[in-house]
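Open the structure in your viewer and keep the selection panel at hand. Each stop below tells you what to select and what to look for.

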Amino acid sequence: MNKTKNEVRIIIDEAICKRCGFCIEFCNARVFEADKDGLPLVKNLDDCTNCRLCELRCPDFAVQVEAVDNE
Ligand code: SF4
Ligand code: SF4
């Protein structure tokens, strides 16, 4: 399958995340949606631009953005 961009994997550490919503707000691509408790869920990964703002702005280092190489 042809890929137009690198795939990205986003990992949220639920044990560390304090449900502040910063990552949801800072993501211009609207990749996240909060669940009923405010935990960010990855809903729209195809639109992720790998800008890493969510990772950089998380006060608790609970977000990890990884580029996945598809060869
Ligand atoms: S890396 Fe950027 S585009 Fe992707 S989820 Fe995080 S803030 Fe959104
Ligand atoms: S910015 Fe970090 S602590 Fe806040 S909701 Fe997102 S993952 Fe959780």
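Helices and strands here are DSSP runs, numbered from the N terminus: a helix is H or I over at least four residues, a strand is E over at least two. This is a predicted model, in which local features need pLDDT of at least 70 and side-chain atom pairs count only at pLDDT 80 or more, while totals for chains, interfaces and linings use all residues. Residues are numbered from 1 along each chain as its sequence is written, and chains are lettered from A and ligands numbered from 1 in the order in which they are written.

**Whole chain**

Color the protein chain by secondary structure. Read from the N terminus, their order is β-α-β-β-α-β.

Next, think about burial. A residue is buried if 20 or more other C-beta atoms lie within 10 Å of its own, exposed if 12 or fewer, and partly exposed in between, with C-beta atoms placed from the backbone. By that count, 15% of the 71 residues in the protein chain are buried.

Contacts come next. Two residues are in contact if their C-beta atoms, placed from the backbone, lie within 7 Å. Take the contacts in the protein chain with a separation of 6 or more: 54% of them join residues 24 or more positions apart.

**Strand 1**

Select Arg9, which sits in strand 1. Arg9 is exposed, because 12 other C-beta atoms lie within 10 Å. Beyond four places in sequence, Arg9 is in contact with Glu66 and Val68.

Is Ile10 buried or exposed? Ile10 is buried, since 20 other C-beta atoms fall within 10 Å. Leaving out residues up to four places away, Ile10 touches Val42, Leu45, Cys48, Val63 and Val65. Ile10 and Ala67 are 57 residues apart in sequence, yet 8.7 Å apart from C-alpha to C-alpha.

**The core**

Select the largest nonpolar core, 10 residues in all: Ile10, Cys23, Cys27, Val31, Phe32, Cys48, Cys54, Cys58, Ala62 and Val63. Such a core is a set of buried Ala, Val, Leu, Ile, Met, Phe, Trp, Tyr and Cys residues joined through C-beta atoms within 7 Å. Center on Cys48. Cys48 touches Val8, Ile10, Ala29 and Val31, with residues up to four places away in sequence not counted.

**The two ligands**

Show ligand 1. A residue is near a molecule if its C-beta atom, placed from the backbone, lies within 6 Å of it. Which residues come nearest to ligand 1? They are Cys27, Val31, Cys48, Cys51 and Cys54, out of 13 around ligand 1. The shell of ligand 1 holds 10 nonpolar residues, two polar and one charged. For these classes, Ala, Val, Leu, Ile, Met, Phe, Trp, Tyr, Cys and Pro count as nonpolar, Asp, Glu, Lys and Arg as charged, and the others, Gly among them, as polar.

Switch to ligand 2, which 13 residues surround. The closest are Cys17, Cys20, Phe22, Cys23 and Cys58. Around ligand 2, nine residues are nonpolar, one is polar and three are charged.

**Two backbone angles**

Most residues other than glycine have a negative phi. Select Arg19, in the loop between strand 1 (7-12) and helix 1 (22-26). Phi of Arg19 is positive, near 65 degrees. Arg19 is partly exposed, because 13 other C-beta atoms lie within 10 Å.

Then pick Arg30, in the loop between helix 1 and strand 2 (32-34). Phi of Arg30 is also positive, near 55 degrees. With 11 C-beta neighbours inside 10 Å, Arg30 counts as exposed.

**Last stops**

Select Ala34 in strand 2. Ala34 is partly exposed, with 14 C-beta neighbours inside 10 Å. Not counting residues up to four places away in sequence, Ala34 touches Gly21, Ile24, Leu39 and Pro40. From Ala34 to Ile24, 10 residues apart along the chain, the C-alpha separation is 7.5 Å.

Finish at Asp69, in the segment after strand 4 (63-68). Asp69 counts as exposed because it has 7 C-beta neighbours inside 10 Å. Asp69 and Val8 are 61 residues apart in sequence and 8.5 Å apart in space, C-alpha to C-alpha.
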